[in-house]
Amino acid sequence: MSDIKIKITDRDGVLHEVDAPTDMNMNLMEVVRSYELAPEGTIGICGGMAMCASCQCYVKSDHELPEKSDDEDAMLAEAFFVEENSRLGCQIHMTENLDGLEVELAPEEG
């Protein structure tokens, strides 16, 4: 079993350093939910299908991430609070090369 350390700043500005397993095919949105870093029902509303932007986050570290899919790109085009470094957490799968990843959860869409 191989865990990586990632840093997640929640919507209240609190930094959490958490362990994320790389052997369970989890994505960032699922890690946030498993540590309850966002209120229930405010993140991952579509279940990780890139069909909502509730898991949008800002990537703060300089990690090599997979290219955005067309679905992710289209969803971010319609989302609120989008920045240059915005990604959907459900599209970032936990792999060993993401050790030290730093992200901040985007504000909840009103």
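Leaving aside its neighbours within four places in sequence, which residues is R87 in contact with? In this predicted model, the list runs to C55, Q56, C57, V59, L65, P66, E67, K68, E72, L76 and I92.

**Around R87**

- R87 sits in strand β4, which covers residues 86-88.
- With a relative accessible area of 7%, R87 is buried, because the cut-off for that class is under 20%.
- Another is E72, as a polar contact of 2.8 Å joins the side chains of R87 and E72.

**Overall fold**

- The protein chain has 2 helices and 5 strands.
- Followed along the sequence, these elements come in the pattern β-β-α-β-α-β-β.
- For 110 residues, a compact globule would have a radius of gyration near 13 Å, and the protein chain agrees with that at 13 Å.
- Taken along the principal axes, the box filled by the C-alpha atoms is roughly 35 × 30 × 25 Å.
- Looking at contacts between residues at least 6 apart in sequence, 62% join residues at least 24 apart.

**Burial and surface**

- Buried residues make up 44% of the 110 in the protein chain.
- The accessible surface of the chain is about 6,300 Å², and carbon and sulfur atoms account for 46% of that area.

**Salt bridges**

- Side chains of opposite charge can pair when their charged atoms come close.
- Searching the whole structure turns up 3 salt bridges.
- One of them is between D19 and K5, with the closest N and O atoms 2.7 Å apart.
- D19 belongs to strand β2 (residues 15-21) and K5 to strand β1 (residues 3-9), so this pair ties together parts that are 14 residues apart in sequence.
- D19 is partly exposed at 31% relative accessibility, and K5 is partly exposed too, at 41%.
- A further salt bridge joins K60 and E104, where the closest N and O atoms are 3.1 Å apart.
- This pair links distant parts of the chain, 44 residues apart: K60 is in the loop between β3 (56-59) and α2 (70-78), while E104 is in strand β5 (residues 102-105).
- K60 has a relative accessible area of 49% and is partly exposed, and E104 counts as partly exposed at 27%.
- R87 returns here, in a salt bridge with E72 whose closest N and O atoms are 2.8 Å apart.
- Since R87 lies in strand β4 and E72 in helix α2, the pair ties together parts that are 15 residues apart in sequence.
- Both R87 and E72 are buried.

**Aromatic pair**

- The structure holds 1 aromatic pair.
- F80 and F81 form this pair, with 6.3 Å from centre to centre and 50° between the planes, and the arrangement is tilted.
- F81 has a relative accessible area of 43%, so F81 is partly exposed.

Technical notes
Residues numbered from 1 in each chain as written. Predicted model: local features only at pLDDT ≥ 70, side-chain atom pairs only at ≥ 80, totals over all residues. Heavy atoms only, no water. Phe/Tyr/Trp six-rings, centres within 6.5 Å; stacked < 30°, edge-to-face > 60°. Buried < 20%, exposed > 50% of the residue type's maximum accessible area, 1.4 Å probe, protein only. Helix = DSSP H or I, 4+ residues; strand = E, 2+ residues; numbered from the N terminus. Polar contact = N/O pair within 3.5 Å; in protein donor to acceptor, adjacent residues only side chain to side chain. Contact = heavy atoms within 4.5 Å. Rg over C-alpha atoms; globule rule 2.2 N^0.38 Å. Areas by Shrake-Rupley, 256 points an atom, 1.4 Å probe, with all protein chains shown as cover. Salt bridge = Lys/Arg side-chain N within 4 Å of Asp/Glu carboxyl O.
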